[in-house]
Amino acid sequence: QPQKPQRPPLPGFLFFCSGRTFSECMQRSLLGSGPGDMRVLERVTPTTPLFLFHFSRRLLYGVFYAAQPAALNQVPEAWCGKATGGPSKATASKKAGGSPYPAQLRVLRTGDIRVWTPPDGARYTQGAMSSELVDTLLRALRARGRSAREADLISQSSSSASSSASSSASSS
C-alpha cells in the first residue's frame with residue numbers, strides 16, 4: 001500500500017489570547033484555536049516554535065513548544081465561562097461538545113518565556129507562520145524581550161505539563 005506523503009512540519013504557529021483567557025492558558029499549559037486550525041496544528045512537532053499574542057495588552061510571549069500532539073477538546077471545559085463572555089457562550093460550547101477553542105495543544109518551555117511589545121504598526125494573524133516571521137519574532141524576543149514571570153506556570157517538562165492539566169483554572 002502506498003503511504004500518504006507526509007506534510008512538512010510548520011515553521012511556527014501564533015496563538016491569540018485576551019486578558020480573559022491568558023491566565024487559563026498559563027495555568028493549564030494549554031493553547032487553543034478554532035476547529036479549522038486542527039489540520040495545521042497536526043503539523044506541529046516538539047521543535048516547532050509556538051508564540052502567544054496577548055491582543056488586549058499587545059504583548060508577544062514565546063517561545064513555547066508542544067508537550068504532546070494537538071488534539072480536539074483535550075480539556076473540553078477550557079476557556080468556558082467568564083473567560084469567553086459568560087455562561088451563555090459556555091453553555092453553547094458545552095452543547096456543541098466542548099471548548100470554544102477545541103484545537104488544543106499542551107505546551108512546555110525549555111527555559112524562560114520572554115515577552116516583547118511589538119511596534120504599534122505591527123499586525124499579526126493567528127495561525128501558521130512563515131519561517132521569516134518566526135525568525136523575526138525569535139530575534140525580537142532575544143534582543144528586546146524581557147523575562148515573563150507571569151508565564152512561569154508553564155511546565156518545563158512534559159511530565160509536569162500533564163500534571164498541570166488537573167489543576168483548576170481561574171480567569172483573570
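Strand β4 (residues 59-66) pairs with strand β6 (residues 103-108) in the antiparallel sense over two bridges, strands being DSSP runs of E of at least two residues and helices DSSP runs of H or I of at least four, both numbered from the N terminus, and pairing requiring at least two DSSP bridges between two strands. Within this pairing, alanine 66 has valine 107 of β6 as its bridge partner. The model is predicted, so that local features need a pLDDT of at least 70 and side-chain atom pairs count only at pLDDT 80 or more, while totals for chains, interfaces and linings use all residues. Residues are numbered from 1 along each chain as its sequence is written, and side-chain values use heavy atoms, with hydrogens and water left out.

β4 also pairs with strand β3 (residues 50-54), in the antiparallel sense and over four bridges, with histidine 54 placed as the bridge partner of leucine 59 in β4. The hairpin of β3 and β4 has four residues between the strands, and arginine 58 takes a positive phi near 55° there. A further antiparallel arrangement joins β4 to strand β7 (residues 114-116) through three bridges, where tyrosine 61 stands opposite valine 115. Eight of the eight residues of β4 are buried, so the strand is largely enclosed by the rest of the structure; buried denotes under 20% relative accessible area, exposed over 50%, and partly exposed in between, for a 1.4 Å probe and protein chains only.

Helix α4 (residues 131-144) reaches 20 Å from its first C-alpha to its last over 14 residues, close to the 20 Å expected at 1.5 Å a residue, the expected span being 1.5 Å times one less than the number of residues. Its buried residues are Val134, Leu137, Leu138, Ala140 and Leu141, and they fall within an arc of 165° seen down the helix axis, so they line one face of α4; the arc is that of the directions from the axis to the C-beta atoms. These buried residues pack against β3, β4 and β7, with contact meaning heavy atoms within 4.5 Å, whereas the face turned away from the buried side carries the exposed residues Glu132, Arg142, Ala143 and Arg144.

The chain averages a pLDDT of 83, and 77% of the residues score at least 70, pLDDT being the predictor's confidence in each residue, from 0 to 100. Over residues 86-94 the pLDDT is below 50, and this stretch has ten contacts in the model beyond near neighbours in sequence. Where pLDDT is low, the predicted coordinates should not be read in detail.
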